[in-house]
Amino acid sequence: MSRVNTVLGAIPAEELGIVAVHEHIGYGMPGSELDTTWWKTPEQRYAETVPKLRKFHEYGGGTFVDVTGICNGRDVDYYKSLSAKTGVHIVACTGFVGGDTALPFFARASVEYLTEHFVHEITVGIGDTGSRAGVIKVGVSRGGRMTELDKRIYRAAARAARRTGVPILTHLAIDAENAIAIFHDEELPLDRVLFGHADDGVNAEKTRDTWIAEQGGRVGFDTFGYDTELEDPPFWARPRTERLDHFLRFIGQGHLDKALASADANCSPLGWPGVKGHTVNYIFEDLIPDLRAAGVDEATITTLFVDNPAAFLSIQA
């Protein structure tokens with residue numbers, strides 16, 4: 001039976017339910033706890049997060065994949081408390097959002113060291129939490145091209161993925177040629193990689209989403225809800241209908257089995273204001289209704305939010 005690592009232990013993939021595959025309990029840059037304007041107390045973060053996860057569960061959400069990463073506010077003991085409180089399965093990650101968010105200790109690390117670190121967090125546990133990571137996060141640093149550190153992280157992630165059977169999820173799907181070359185070199189099947197943020201308003205035109213799918217990779221349309229129609233949209237926002245049309249076009253071209261969707265929301269941002277009016281529950285409150293209004297049937301919705309995430313997250317050791 002296929003299984004998935006959650007913060008409260010491994011569970012059968014069949015129990016994941018509807019999955020939000022690219023989300024954050026709380027994301028911040030290294031040093032964000034020093035911010036005097038936006039930093040919140042643990043009590044404030046808890047009060048802000050629990051209602052969102054409870055609503056997610058009430059809507060029918062089963063699993064929340066937190067891809068915050070090392071150095072960006074990952075707090076697995078906190079995730080365990082939230083999961084027990086709300087009934088939502090939470091999957092934690094190892095890895096980094098990007099090389100430019102790695103503290104100097106990791107920035108100087110070799111591929112071998114990074115590989116062993118990722119494997120330890122997947123097979124033994126993250127710190128002394130006893131919880132095992134269920135996905136590896138990697139990313140392209142600012143500037144749109146992989147740095148040498150990014151490449152070391154990607155290579156280490158590929159080796160750890162092969163050894164442990166957990167998948168890789170990327171921050172941005174740009175510079176996919178370099179990424180795929182590394183994965184091929186390490187003999188990692190591309191269906192074990194979800195190339196994320198193919199739909200964001202900055203990089204969508206530079207992302208070769210159909211090409212990635214044709215190579216065998218999975219493609220994440222996971223910035224749903226970051227709409228230009230928001231009261232104060234972020235720089236990566238995009239018109240709601242434009243993103244939806246892009247997604248419908250992608251799955252309509254025969255790539256349904258490669259597509260996953262999420263909101264990339266922050267339940268309680270760390271040391272920055274976040275984006276007002278945007279939560280993980282956009283999936284239920286807007287995205288799924290939009291898909292239905294566009295004529296997408298229930299079987300396809302189940303494929304997108306249940307079947308594809310379960311296949312992706314399942315440990316394949």
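These questions and answers go through a predicted model.

Reader: How many disulfides does the count come to?

Author: A disulfide is a covalent bond between the sulfur atoms of two cysteines. The cut-off used here is 2.5 Å between the sulfur atoms. For C71 the nearest cysteine sulfur belongs to C93 and is 11 Å away, so C71 is in no disulfide by the 2.5 Å rule. The count of disulfides comes to zero.

Reader: Is C93 buried or exposed?

Author: C93 is in no disulfide, and the nearest cysteine sulfur is that of C71. A residue under 20% relative accessible area counts as buried. The relative accessible area of C93 is 1%, so C93 is buried.

Reader: Which kind of aromatic pair do Y226 and W236 form?

Author: A pair of aromatic rings is described by the distance of the centres and the angle of the planes. The search of the whole structure finds 15 aromatic pairs. In the pair of Y226 and W236 the centres are 5.3 Å apart and the planes are at 70°. Planes over 60 degrees apart count as edge-to-face, so the pair of Y226 and W236 is edge-to-face.

Reader: Where in the chain is W236?

Author: Y226 and W236 are ten residues apart. Y226 is in the loop between β10 (218-221) and α8 (240-255). W236 is also in the loop between β10 and α8.

Reader: Is Y226 buried or exposed?

Author: The limit for buried is under 20% relative accessible area. Y226 has 3% relative accessibility, so Y226 counts as buried.

Reader: Which ring has the charged end of R208 over it?

Author: For Arg, the CZ atom has to be within 6 Å of the ring centre. The charged end of R208 is 4.2 Å from the centre of the ring it sits over, and that ring belongs to W211.

Reader: What is the reach of helix α4 from its first C-alpha to its last?

Author: Helix α4 covers residues 111-123 and has 13 residues. At 1.5 Å a residue, the expected value is 18 Å. The reach in the model is close to that, at 18 Å.

Reader: What arc do the buried residues of α4 cover around the axis?

Author: The buried residues in α4 are V111, L114, T115, F118, V119, E121 and I122. An α-helix has 3.6 residues a turn, so residues three or four places apart point the same way.

Reader: Which residue in β2 stands opposite R3?

Author: Strand β1 (residues 3-6) and strand β2 (residues 9-12) run antiparallel and are joined by four bridges. A hairpin of two residues joins β1 to β2. Opposite R3 stands P12.

Technical notes: Residues are numbered from 1 along each chain as its sequence is written. This is a predicted model: local features need pLDDT of at least 70, side-chain atom pairs count only at pLDDT 80 or more; totals for chains, interfaces and linings use all residues. Side-chain values use heavy atoms; hydrogens and water are left out. Rings of Phe, Tyr and Trp (its six-membered ring) pair if their centres lie within 6.5 Å; planes under 30 degrees apart count as stacked, over 60 as edge-to-face and the rest as tilted. Buried means under 20% relative accessible area, exposed over 50%, partly exposed in between (1.4 Å probe, protein chains only). A charge sits over a ring if NZ of Lys or CZ of Arg is within 6 Å of the ring centre and within 35 degrees of the ring normal. Two strands pair if DSSP finds at least two bridges between them. The expected span of a helix is 1.5 Å times one less than its number of residues.
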